[in-house]
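Welcome! Please take a look at the sequence and the 3D structure below, and then read on for a short briefing.

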Amino acid sequence: MLCSVSTLHLFSHPNSNSPTSQNLHNLLHSFNTPFELKQLHAHLIKTNTPLSTLPLPLTKLALVTALTPDFPYAQCVFKHLDKPEIVFWNSCLKAWAEGQSPFDAILLFYQLREFDIVPDDFTCSFVLKACAALSDVLNGRIVHGYVEKLGFRSNLFLQNMIVHLYASCGAMGDARLLFDKMSQRDVVTWNIMISQSVKSGDVEGAFELFSLMPERNVRSWTAMIAGYVQCGKPKEAIHLFMEMEEAGLRPNEVTVVAVLSACADLGTLDLGRRVHEYSNCSGFRGNVRVSNTLIDMYVKCGCLKDACTVFDEMEERTIVSWSAMIAGHAIYGQAEEALSLFSKMVQIGMKPNDVTFIGLLHACSHMGMIDKGREFFNSMTRDYGIIPRIEHYGCMVDLFSRAGLLQEAYVFIMNMPIKPNGVVWGALLGGCRVHRNIELAEEAIQHLLELDPLNDGYYVVLSNIYAEAERWEDTAKVRRLMRDRGVKKTPGWSSITVDGMLHEFAAGDESHPQAEEIFQMWGKLLQKLKIKGYVPKTSIVLLDVEENEKEKFLYRHSEKLALAFGLMKTPPGMPIRIMKNLRVCEDCHAAMKLISGIVNKEIIVRDRNRFHCFKDGSCTCNDYW
């Protein structure tokens, strides 16, 4: 009887036949199966080797014998040691729960119960961790039951784990029920509920919890700030960050990433620069994610040079870093720079991904590089094994449509191996408007009205096409269709930040405190524009009214008002940066090109599609589109 005999020799004395210490150590760590373990055990008995000075690795013993018919053998060994048996099985559970075998941890838990081995609070914590790793809420509920039966309800650590398990598995109702019933909570409990509410899309519920917290730490604030960014509420995110600073808490690297993302969405350059400075002072310069977000922020705030500086100073770059810079050059109309960066990336052995090619195709599209675009599209699969996604097909349709190859774009769509979406048909529709192809536009709109019937942008483009052709009856039909379907035109707005304060303008906006001065400034600019040969492009006004009325509508476009205000408030030499939620219209694009030369200022406008950098009477892009 190996087990019963072996226990008599656990603390026996050595004799002259004992192996050397090094050999014994090697033997003790060489077994990988129950059979090898028993052979080792027999050898120790035969050589009368003591385990008091060089003990058997008991965690490995548990790992080797668990979930095997030799489980009772391991029990027999453990029962003759000083520590409770469950301690050794807990080591095994921990190794599996935190490693690659969380399901085995759950199986071992049931085996322990089968052999009447009473779990302790550590046992439950390791099994709950395994359930969370597997998103196994069913077994998690069973372990929760054991926690209640074994009297561990007062263990706050376990209660937090159960709340996290339910919430991370999508059972937010159960998580909230347990949360409400908990007799005590700590900041970890609240943070779990806030973070998981954000992940489930309930940002308002998360903020409600955040508001009720008796104590908040950096993680609490960060979870809420990141939640607002993720749900498209950057203003709220920045407002909360300001409150966090007032509360005297120092942001961590995750906070910095979240706030920089909000700055990127809003174009809040001043705050972005301040956070960048704080990041450097706090030692976050080496954090790749922070640097990548800084690149994105500077690109979206119209500071491509600053983005390049961050990129150049990075000690470590990921594919995200390279792709962000390639995309940045693309949306600024710097196709050659984007392609050059791609060549450098490939030369150092960095493998491009699907996002890299989206940037490259955008670069080719904006600069009319048809052949290069075809080459990159084919290279994706041929050279890198990347299967094109719908975004890549959309880029190709955009490339053809911008270049006026509308029939080729249409054939390309019809031959796509995946169903085209609204973005793909929308790219063709945009090309039809620029190149005045009414027939193909009507074909595209039929698909768009099925795919995305509430998108006001498509109706507006079709109205533009009809209006430019002076087909006013058809323009009226589109308007009636919008009204009948309950589609409302998205109001255009432009924003500009001056001295850290965001100013927003709508078309014809008279609500700004300095509205009268702004209109006077525009009047002065208009006189200079007309001397330079500016002629208002009234064809884009979708109203059947007199020409002078159309001109009045054009003169009060939101980006013109933002520009006039910027010229009033910014010192000479300082660039003007404007954000617009829709596309810059052709008339504003033409006017801003001339104004940049008249006032000798760089004007950077970020619209829905791209950046327009006006300087010395020209723009970095080939056209306004």
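Helices (H or I, at least four residues) and strands (E, at least two) are DSSP runs, numbered from the N terminus. This is a predicted model, where local features need pLDDT of at least 70, side-chain atom pairs count only at pLDDT 80 or more, and totals for chains, interfaces and linings use all residues. Residues are numbered from 1 along each chain as its sequence is written, and side-chain values use heavy atoms, with hydrogens and water left out.

**Confidence**
- The chain has a mean pLDDT (the predictor's confidence in each residue, from 0 to 100) of 87, with 91% of its residues at 70 or more.
- For residues 1-19 the pLDDT is below 50, and this stretch has 34 contacts (heavy atoms within 4.5 Å) beyond near neighbours in sequence.
- Where pLDDT is low, the predicted coordinates should not be read in detail.

**Helix α7**
- Leu107 sits in helix α7, which covers residues 102-114.
- Leu107 is partly exposed at 36% relative accessibility; buried means under 20% relative accessible area, exposed over 50%, and partly exposed in between (1.4 Å probe, protein chains only).

**Salt bridges**
- The count is 25 salt bridges, each a side-chain nitrogen of Lys or Arg within 4 Å of a carboxyl oxygen of Asp or Glu.
- Asp174 and Arg141 form one of them, at 2.9 Å from N to O.
- That pair links distant parts of the chain, 33 residues apart: Asp174 in helix α11 (residues 172-181) and Arg141 in helix α9 (residues 137-149).
- Arg471 and Asp474 pair at 2.7 Å between their closest N and O atoms.
- Asp474 is buried at 17% relative accessibility, whereas Arg471 is partly exposed at 31%.
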